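Here are some notes for a colleague who has not seen this structure before. Please read them with the model open.

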Amino acid sequence: MENTKFRKWLDEMNLDHPLVIAGPCSAETEKQVLEVAHELKNTDATIFRAGVWKPRTRPGNFEGNGVKALPWMQKVKEETGLLTAIEIANAHHAKLALEFDIDVLWIGARTAVNPFAVQEIAEAIRGTEKIVLVKNPINPDLALWIGAIERFFKMGVKNIGAIHRGFSSFRPSKYRNIPSWQIAIDLKTKYPDLPIINDPSHITGNRELIQEVSQTALDLKFDGLMIETHCTPDKAWSDAAQQITPKRLEKIMDSLRVRKDTFEKEEFISKLDAFRNEINDKDDQLIETLSERMEIVHNIGKAKKEGNVAVLQSVRWQEILEGMVTKGAEQGLSRDFIEKIFKAIHQESIRHQERIINS
Ligand code: PEP
Ligand code: MN
């Protein structure tokens, strides 16, 4: 991939802060759109986002106003000077977005997974000068993400960037979509000129975590942030829990530390921060798994009480321990380490069941 013109555009903007794309998850009404846009005019936001067609997990939820909302976006631009951005998910959306002169078109995570859909959109906007931002696919697949970006390059789209919005996972997590920072770092390493924007709103699903995820993104030298913003977030028609007011956006932007350009040492700190974040996530998962395990232990304790069975089942315990030691060895974990951990877990389980049986 050649240099993207979007990088040049960004450099020429000469912002003293990361690029900010802000606006509501969905364009709900003309009034809501204009209200939030006018408030955003006084923040660091350069680009106003709003979902016009909304990909909803289940039918029956608000699916966007569609073409009716496109003139609202034009009004935003006329009245505030903010550039406009919408999601396009098929060739029809693409054509309408061009017709209504929307400045930035983004490809959603559910579309980025589908090469047919991406190809169709790329062909519909062939040669466009508009900025096209490709969100990561919902599954953690770097090749699929790169493939989607390449389809636009091949159709002569030069103003191109990526949006990192996290990946879905079956594992419990404090995030709506786990960030798996390494995948975004791999994309940056492979295509250093491709601007990459972080979307802490869809990563966290929770407005309380937006600040810390944004900071991690800046520590990793992301070029910008896409943050869902609403004047009355709790009343939003979609993604209410993750939206913030323009005032809060301003506060978050003021609090963020932007690192100076790279020294080797800075890069080292950034990497360290990313690893620390991953460790924190793993530790959260460990605690959740331990607590889920203890719930099962609790139910076994109740069954043992009913059946008047002894708490300590030595044969079963020996089986568990040996099984874990073997598994651990396969993963490069020593017998001593596994034994210590599982003995501690077992002791706590026994204590717990003792209490139930004697209650
Ligand atoms: C959005 O930005 O509103 C959206 C639907 O995002 P994603 O495609 O990342 O889920
Ligand atoms: Mn959303």
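1. A residue counts as exposed when its relative accessible area is over 50%, as buried when that value is under 20%, and as partly exposed in between. The model discussed here is predicted. With a relative accessible area of 53%, lysine 8 is therefore exposed.

2. Lysine 8 sits in helix 1, which covers residues 5-13. Which residue 151 positions away along the chain has its C-alpha atom 9.0 Å from that of lysine 8? The residue is asparagine 159.

3. The protein chain contains 14 helices and 8 strands. The C-alpha trace spans about 75 × 45 × 40 Å along its principal axes. Of the contacts in the protein chain with a separation of 6 or more, 73% are between residues 24 or more positions apart.

4. The protein chain has 359 residues, and 48% of them count as buried. Its accessible surface is about 18,200 Å², with 53% of that area belonging to carbon and sulfur atoms.

5. On charge, there are 50 positive and 53 negative side chains in the protein chain. The centres of these two sets are 3 Å apart.

6. A nonpolar patch on the surface is formed by Leu333, Phe337 and Ile341. Together these residues have about 240 Å² of accessible area. Leucine 333 lies in the loop that runs between helix 13 (314-330) and helix 14 (335-357). Is leucine 333 buried, partly exposed or exposed? Its relative accessibility is 37%, so leucine 333 counts as partly exposed.

Notes. Residues are numbered from 1 along each chain as its sequence is written. Chains are lettered from A and ligands numbered from 1 in the order in which they are written. This is a predicted model: local features need pLDDT of at least 70, side-chain atom pairs count only at pLDDT 80 or more; totals for chains, interfaces and linings use all residues. Side-chain values use heavy atoms; hydrogens and water are left out. Patches are made of residues with over 30% relative accessible area and no salt bridge: like charges are joined within 9 Å, nonpolar side chains (Val, Leu, Ile, Met, Phe, Trp, Tyr) within 5 Å. Accessible areas come from the Shrake-Rupley method with a 1.4 Å probe; for residues, only the protein chains shown count as cover. A salt bridge is a side-chain nitrogen of Lys or Arg within 4 Å of a carboxyl oxygen of Asp or Glu. Helices (H or I, at least four residues) and strands (E, at least two) are DSSP runs, numbered from the N terminus. Buried means under 20% relative accessible area, exposed over 50%, partly exposed in between (1.4 Å probe, protein chains only). Contact means heavy atoms within 4.5 Å. Lys and Arg count as positive and Asp and Glu as negative; His and the chain ends are not counted. The place of a charge is taken as NZ of Lys, CZ of Arg, CG of Asp or CD of Glu.
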